[in-house]
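My entries are below, in the order I made them.

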Amino acid sequence: MEHSEKIFIVPSFAFNPILLSFRGVNFMRLLLVEDEAKVARFIQRGLEAERFAVDVATDGRRAAEWAQTYDYDLIILDLMLPGLSGTEVLRMLRQRNNHAPVLVLTARDALEDKVTHFELGADDYLTKPFAFAELLVRVKALLRRGVGNQMGGRSQVLQVADLELDRLTQQIRRAGQRVELTGKEYALLEYLMLNAGRVLSRTMIVEHVWDQSFDGATNIVDVYVRHLRNKIDEGHAQKLIRTVRGVGYGISGEEEA
Ligand code: CA
C-alpha cells in the first residue's frame, strides 16, 4: 500500500512549475495575499497554469515580511486581511522603498478607495468579483511595465558571463569580439539580458519584442532564438541561451545543472 502511494505522489509533483526550472533561471515569482482559501486556491492554480511561481500569504503580517525578504516580480494584494490590512502592507512596502508592482484585488469598489490606494503606490486595482482572464491580462501588463521601469535604473552595459550589451551604442561583444545583430535580434537579446536568470514565455517575448499579440506567431520566437544562438553561443564552450521545453527561453551565465 505504502508503495503505491509513493508512485501516486510523483506525477503531481512533476507538474509543479518550479521543478521545470533549470539552474540559474527562475520563473516570474508572484506573491498572492489573500485570506480566503477558496479564492486564493483559484487564483494560484490559474497563475501556475500560466507558469508563474506563486507564494500565498494569508495574513498581512506574513505578506509584509515575505515581500521584504523575497524579490517578487508582482504582488496581488487583498485589502481586508487579518493581522495587517492590505492598505497597511502597501504603505509599509512603499515606505521601505519596495517598488514591486502591486495589484490591489478587493471587493471594495468605492472610487475613494481606489484613489487612496493609487496614491499609496498601487499600480493597478481590480474589484471582486472578477474574471480570471481579466486578472491575467492585468498581471501580464504590469509585469511588462515592471520590466520597462527597471530599464531606467539599470546600467548602460548589460552583462551575462562574457557577453556584453551596450544599450547606448547598441554594440554587443562576446569574449571581447564584436557581434553584429539585426534590429529584432538585438531587441530579443536585450529583453533576455534585462531578465537574465528568468524564463520568458514565447508569448511574453512576442508581446515585448514584436509588440503584438501572440496568436499563432510564437514560432517566430524559435526562429529568432536560433539566429541568436548562432551568433552568440556558436563556437563558445559556455552556452548562455537556455531553453525550457514547452515553456520558453532565458539567458544565464550560471553553469547548467
Ligand atoms: Ca479578505
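What follows is my set of notes, going from the whole chain to the sheets and then to the helices.

**Entry 1: the whole chain**

I began with a reminder to myself that this is a predicted model. I then looked up the element count and found 9 helices and 12 strands in the protein. Next came burial: of the 257 residues, 29% count as buried. I also checked how far along the chain the contacts reach. Among contacts with a separation of 6 or more, 58% are between residues 24 or more positions apart.

**Entry 2: the parallel sheet**

I then went through some of the pairings in turn. S1 and S3 run parallel and are joined by 4 bridges. Leucine 30 stands opposite leucine 74 of S3 there. Moving on, S3 and S4 pair in the parallel sense over 3 bridges, and isoleucine 75 stands opposite valine 102 in S4. Strand S4 (residues 102–106) is joined to S5 by 4 bridges, and these two strands also run parallel. For leucine 103 I noted aspartate 124 of S5 as the bridge partner.

Which way do the S3 side chains point? Leu74 and Ile76 point one way from the strand, while Ile75 and Leu77 point the other way. I marked all four as buried. S4 is mostly covered too, with 4 of its 5 residues buried.

**Entry 3: a helix across the sheet**

**Entry 4: the antiparallel sheet**

I turned to another open sheet, this one of 4 strands in the order S6-S7-S8-S9. The pairing here is antiparallel. Strand S6 (157–160) and strand S9 (177–179) are its edges, and each pairs on one side only. The twist averages 25° from one strand to the next.

For a closer look I picked S6 and strand S7 (residues 163–166), which run antiparallel and are joined by 4 bridges. The bridge partner of glutamine 159 in S7 is glutamate 164.

**Entry 5: H7 against H8**

Helix H7 (residues 183–194) and helix H8 (residues 202–210) pack at an angle of about 125°, with their axes 10 Å apart. That angle makes H7 oblique to H8. Is the crossing left-handed or right-handed? I have the crossing of H7 and H8 down as right-handed.

I listed who makes the contact. From H7 there are Lys184, Ala187, Leu188 and Tyr191, and from H8 there are Ile205, His208 and Val209. The residues of this contact divide into 5 nonpolar, 1 polar and 1 charged.

**Entry 6: the buried side of H8**

Which residues of H8 are buried? I found Met204, Ile205, Val206 and Val209. I then asked what the buried residues of H8 pack against. Their partners are H7, strand S10 (200–201), helix H9 (219–232) and strand S12 (248–251).

My last stop was alanine 187, which sits in helix H7. Why does alanine 187 count as partly exposed? Alanine 187 has 17 C-beta neighbours inside 10 Å, and a residue needs 20 or more to be buried. I also looked up the separation of alanine 187 from glutamine 170, which is 17 residues away along the chain. Their C-alpha atoms are separated by 9.8 Å.

Notes
Residues are numbered from 1 along each chain as its sequence is written. This is a predicted model: local features need pLDDT of at least 70, side-chain atom pairs count only at pLDDT 80 or more; totals for chains, interfaces and linings use all residues. Two strands pair if DSSP finds at least two bridges between them. Axes are lines fitted to C-alpha atoms, for helices over the stretch in contact, and angles run from 0 to 180 degrees between N-to-C directions. Angles under 35 degrees count as roughly parallel, over 145 as roughly antiparallel, 65 to 115 as roughly perpendicular and the rest as oblique. A crossing is left-handed if the near helix is turned anticlockwise from the far one by less than a right angle, and right-handed if clockwise. Two residues are in contact if their C-beta atoms, placed from the backbone, lie within 7 Å. Ala, Val, Leu, Ile, Met, Phe, Trp, Tyr, Cys and Pro count as nonpolar, Asp, Glu, Lys and Arg as charged, and the others, Gly among them, as polar. A residue is buried if 20 or more other C-beta atoms lie within 10 Å of its own, exposed if 12 or fewer, and partly exposed in between; C-beta atoms are placed from the backbone.
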